[in-house]
Each structure stands twice: as structure tokens, then as C-alpha cells.
Amino acid sequence: MADVEPWSSRRGSICWMPPPSPSSRPPGWDDDWERSWEASVAGSQEDLHPVRVVRIDKGGISVSETAGSDRLVVAAKAVRRVVVGDVCGLDAEAGRIESILPRRTVFERRAPGAERDTVAVSAKAIAANMDVVLVLQGLDSGVNSSRLAREMVLAWESRAQPVVVLTKTDLCTPEEITPQRDLASRFAPGVPVVCVSSTGSSDSGTRELEPYLPTGTVAALLGASGTGKSTLANALAGRPVQLTGEVREGDQRGRHTTTSGQMLPLTRDRWLIDTPGIRGVGLWHADEGLEAAFADLAPFAAQCRFADCTHNAEPGCGILAAVSDGALPQDRLDIWHELLGEVEQLEAQSTELEREARREANQRSRRRAAGRRSR
Ligand SMILES: Nc1nc2c(ncn2[C@@H]2O[C@H](COP(=O)(O)OP(=O)(O)OP(=O)(O)O)[C@@H](O)[C@H]2O)c(=O)[nH]1
Ligand SMILES: [Mg+2]
Ligand SMILES: [Zn+2]
């Protein structure tokens, strides 16, 4: 390997970095990334190398230049905005991330408050560029339909492809599984529902998931505590993997788990994006997600007499008609009203916060202007 210069000698960082080879490509790279790279970086900044953010710690950003390669460490100061999963242009000489490729998919949570010089009541990205979101529900406790509906909104909103995974088939009889699968399908219309068992000694319990995780896939896991996310990750990897926040045996301080996000290799060519933030993500600016998650309501809504029908009590409401003649189950409409109400409430709050932030930003700029005048 040519010209390996210890970073520590140049910039007080914690890791050395070999210069990337020009032909290497980061984990999960595909033709779309190649096109995006050509369009946004390659022509204008020839000295940059494509890398993927695979881990973010307090101390720095780890990037991977090629699948399975050693990780490189970039000072966190360089770019605050990157999140795990981001594909970036790295200036290897300077050890700096210079650009972030447009994100294909992203998990966001609300980040209210004003930042310097900007009105920033906005969504804060927490993970990017996952291809698939595995939404887990445990068959042992039964499908929680309202939770599943909410998770589907979040998954769709990220723009990644959702797949519902019903775990722990080994704890149920086939007769018990069928109605649960049907319930899940009803609350995740148009989404594959796969039943797995992650605790067997062979991989046969998770084989059904394979078609949804083709070579190059980057997946993320959504699901309540105890639904089997860690166990499924281990089963898919064929070895124990360490999800964020888990305390490793014999290391009660959880030293290895302080990361705020990581992209773990499951196999040589499949990855798992894991951040504690994904698990805690709430509804926020979820219009697109709501629309996609409730696609089963759309054909009935198209029949409503009024374009702005709220489907509460209006005459000629296609949805209410569908409910009364049994074409649309009442519980689907109920959960839609509930989630829409939540999103609207959040939006109303954001408007208030936004007003406040704008007022503060204006005050700051007035003070600055006054400062300039008095100089
Ligand atoms: N029988 C059986 N048990 C399972 C299966 N998957 C998970 N479990 C058990 O369910 C419990 C919870 O599984 P975890 O993988 O820890 O769940 P998790 O989603 O990671 O939970 P948190 O980390 O708390 O969010 C554990 O006791 C697992 O052994 C399965 O397919 N079959
Ligand atoms: Mg876990
Ligand atoms: Zn209506």
C-alpha cells in the first residue's frame, strides 16, 4: 500500500488512512449511486473518493471506502450534517468529507428550535440510504395493528421499501399464524408480510426473507422492544452482531455501544443500518407516509362528493359509504383518523415553534445590523 501517512502526525486525529484506490466503491454501491456520483461530484471535484458513513461516534465519523475494507476515521468536525448510511465525497488527502450525495431515503425526526442565522424548525436526519425497512411484530404477543399502521407510515415516509416481518413462528401453530398474517396484511396494504423464526440452529427460519434482501441491500429494523430485532440480526448475519445500545457480555460499561449510528455488515454484501434514533422516531411531516400507508383508502376517497372531504360526516363521503357497506373495515378508518390527527397536531405546533424561531432570528439580525451601524 503506497503512501500511508499517519493522520495523527498531521491533524491530531486518531487513525491513519491509506489513500483510497481509484477503482474501489463503497458498501451498497450500485448503478444509481454511480450515476448520482457522476452527476454531482465526479465532474466537478475530481480528487474526491466515494465513501460511505458506517459509524458515528462522539470522536469521529468512520467511513468505508470499499465493502469489507478497513474503516477510516474522519474528524467529526469536518461535517456535522452527515448521518450513518450517507454516501459522501472524501478528500482523502485532507481527511475531510467534502460533499454528501443526495439521499435516496432517510429517517427523520423533528428538530425544533432556532439555529444560528436560520429558522430551523425542521426535520433532523438520523439515518440515510437504507433500501429496505424490516418492520417487526412478534407473533408471541400478536400483531398490534395500530402500532403496525404507525410503523408503516414511518417506513413509507423514509421512502425505503417496507417489509413486514412476523417473528417467532416457532411459538405458534400454523392455525394461529394465518389470522395474524391476514391482520398484518390488512394494516400494511401492498407490503410483503414474511413470517420467520430466528432462534433455530439453521437459517431456514429466515430464508423467506432472502428475496427481500438481495445482494447489495442496506436494511434497517423497526419494531417494539422484544419483537426480536437483535435475534433476527444475529440470524441473518449467522453470528452475534452488536446492535447499538446493547451491552456486550463482560463489558458492562457498554463501551462498544456508545455509537450514535452504525452500518453493520450482515453478510459480505448485505448491511444493516442501526441507530437508536430509528427506534424512537415519531410521526413528523408524514403526509407522504400517511398516503402510502393508507393506499387502501384512496379508491374510496376518490368517490367523495367534496374534494376536501374529511371523511367524518360529510354527505356523499365515499369512505363512510365503503365502511357502511363493509368494503372498508372501520378499524382502518379509525387508525387513519388517529394518525392524521397526530400529524396535524405536530404541524400546528411546528408552526408556532417556527414563528418563535423566526422572531428570534429576526431579533438577532436586527441586533447584528444595529451593531454594524454603530461600528
Ligand atoms: N422462540 C423465539 N424467540 C425469539 C425469536 N426472536 C426473538 N426471540 C426472543 O425474544 C426476546 C426478545 O428478542 P430480542 O431480539 O432481544 O428483541 P429486540 O427487538 O432486539 O428487543 P430490544 O433490544 O429490547 O428492542 C428474546 O428473549 C429472544 O430470544 C424467535 O424467532 N423465536
Ligand atoms: Mg435488541
Ligand atoms: Zn369522504
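## Strand E13

Strand E13 has both faces covered, with Arg270, Leu272 and Asp274 buried on one side and Trp271 and Ile273 buried on the other. Here a residue is called buried if 20 or more other C-beta atoms, placed from the backbone, lie within 10 Å of its own, exposed if 12 or fewer do, and partly exposed in between. E13 spans residues 270-274, and five of its five residues are buried; strands (E, at least two residues) and helices (H or I, at least four) are DSSP runs numbered from the N terminus.

This is a predicted model, in which local features need pLDDT of at least 70 and side-chain atom pairs count only at pLDDT 80 or more, while totals for chains, interfaces and linings use all residues. Residues are numbered from 1 along each chain as its sequence is written, and chains are lettered from A and ligands numbered from 1 in the order in which they are written.

## Pairing of E13

Two strands are said to pair if DSSP finds at least two bridges between them. Strand E11 (residues 218-223) runs parallel to E13 and is joined to it by three bridges, and within this pairing alanine 219 has leucine 272 as its bridge partner.

Strand E12 (residues 261-267) pairs with E13 in the antiparallel sense over five bridges, with leucine 264 standing opposite leucine 272. A hairpin of two residues joins E12 to E13.

## Around ligand 1

The shell around ligand 1 holds 15 residues, of which Ser225, Gly228, Lys229, Ser230 and Thr231 come nearest; a residue is near a molecule if its C-beta atom, placed from the backbone, lies within 6 Å of it. Helix H5 (residues 229-237) gives the most to this shell, with three residues.

By class, the shell divides into one nonpolar, eleven polar and three charged residues, where Ala, Val, Leu, Ile, Met, Phe, Trp, Tyr, Cys and Pro count as nonpolar, Asp, Glu, Lys and Arg as charged, and the others, Gly among them, as polar.
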